Amino acid sequence: MAQIIVVTSGKGGVGKTTSSAAIATGLALEGHKTVVIDFDIGLRNLDLIMGCERRVVYDFVNVINGEANLNQALIKDKRSNNLFILPASQTRDKDALTKEGVGKVLEDLSKDFEYIICDSPAGIEQGAMMSLYYADIAIITTNPEVSSVRDSDRILGMLQSKSRRAEQNLEPIQEYLLLTRYSPKRVTTGEMLSVEDVEEILAIELVGVIPESQAVLKASNSGTPVILDNESDAGKAYSDTVERLLGNNVPLRFLEEEKKGLLKRIFGS
Amino acid sequence: MALIDYFRSKKSPSSASLAKERLQIIVAHQRSERDTPDYFPKMKQEIIEVINRYITISEDQVSVNVDQNDENLSVLELNVTLPEDK
């Protein structure tokens, strides 16, 4: 049985797709057969972040409607044999995702894959609800900022009441906090909520902290998941996050402001 | 002047602690609503309608909460702020 992981947040622009792409790629690099699904019907972007936008022929909605089979719609990643992408439809509307349809696709994928990553759209409408409904694990992507934290808490409420596990009184979804766009420097100066602050407010287990990083834009520009940039702080932080998801105890990094040496202070970086 | 600002800025509470305080309140509020039964919003609305037959009040003058004090005891708390006499 595959583990179904939803990457969600409520708020838009916090890094759901970046995180979905990075985590899926990371799991595949660790040897786990992984598929990542774009649930943002009408506004697909995962294909761009994964760098496979020109290879999209059939999509998620085609499969649900029986217009294509899964093998036709799945795109094999060029960098890993273990990684596949199921793109969203760009033309249909969000109501194309039905509980039965999504359930059937996930069930079929479960036979072949170890991990199914569901990249949720922003908001709490149909697409977002369908992406979290079947989840076993939820990664709540959150920026250290008031509106993002509040929306994350709303999503936690949805996970606890509107998911399959909640409705059927099963063991609840495992909820993990992924703090993104973290700036240690601004935390030090008291301008930004700290990791501890957000942990205390949301009261869920922390799975990773991704620092604000130039590498993320660079990665999306080139269509390469940022985790593959293993020189970058964000890439390393995502690798650590994947390790923790796999149950390995890895210490947090990049929580302290980088200390500038004397020469750097004088001559600039 | 920058030096003076440096010392001065330490005194006022940071904007992050303000954010934390605001979030703790709003999240506690969201979570208290989350645990209420589905009929709750409608019941609250009807209670307000009944009160409104006698006294004119607006929705924000009424707070209705359920407190789960222990396992077998839930308390329905109704708080109405009456308008000042004119």
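Which side chain meets that of A:Lys104 in a salt bridge? The views below answer this for a predicted model, in which local features need pLDDT of at least 70, side-chain atom pairs count only at pLDDT 80 or more, and totals for chains, interfaces and linings use all residues. Residues are numbered from 1 along each chain as its sequence is written, chains are lettered from A and ligands numbered from 1 in the order in which they are written, and side-chain values use heavy atoms, with hydrogens and water left out.

**View 1. A salt bridge between A:Lys104 and A:Asp108.** The partner is A:Asp108, at 3.0 Å from N to O. A salt bridge is a side-chain nitrogen of Lys or Arg within 4 Å of a carboxyl oxygen of Asp or Glu; over all chains the count is 13. Both residues lie in helix 5 (residues 99–112) of chain A, four residues apart, about one turn of the helix. Helices (H or I, at least four residues) are DSSP runs, numbered from the N terminus.

**View 2. A salt bridge between B:Arg31 and A:Asp153.** The N to O distance is 2.7 Å. This pair crosses between chains, from helix 2 (residues 15–34) of chain B to helix 7 (residues 146–161) of chain A. A:Asp153 counts as buried because its relative accessibility is 0%, and B:Arg31 counts as partly exposed at 24%. Buried means under 20% relative accessible area, exposed over 50%, partly exposed in between (1.4 Å probe, protein chains only).

**View 3. A salt bridge between B:Lys20 and A:Glu200.** Here N and O are 2.8 Å apart. The pair runs from helix 2 of chain B to helix 10 (residues 195–202) of chain A. B:Lys20 is buried at 17%, whereas A:Glu200 is partly exposed at 47%.

Definitions and conventions: Helices (H or I, at least four residues) and strands (E, at least two) are DSSP runs, numbered from the N terminus.
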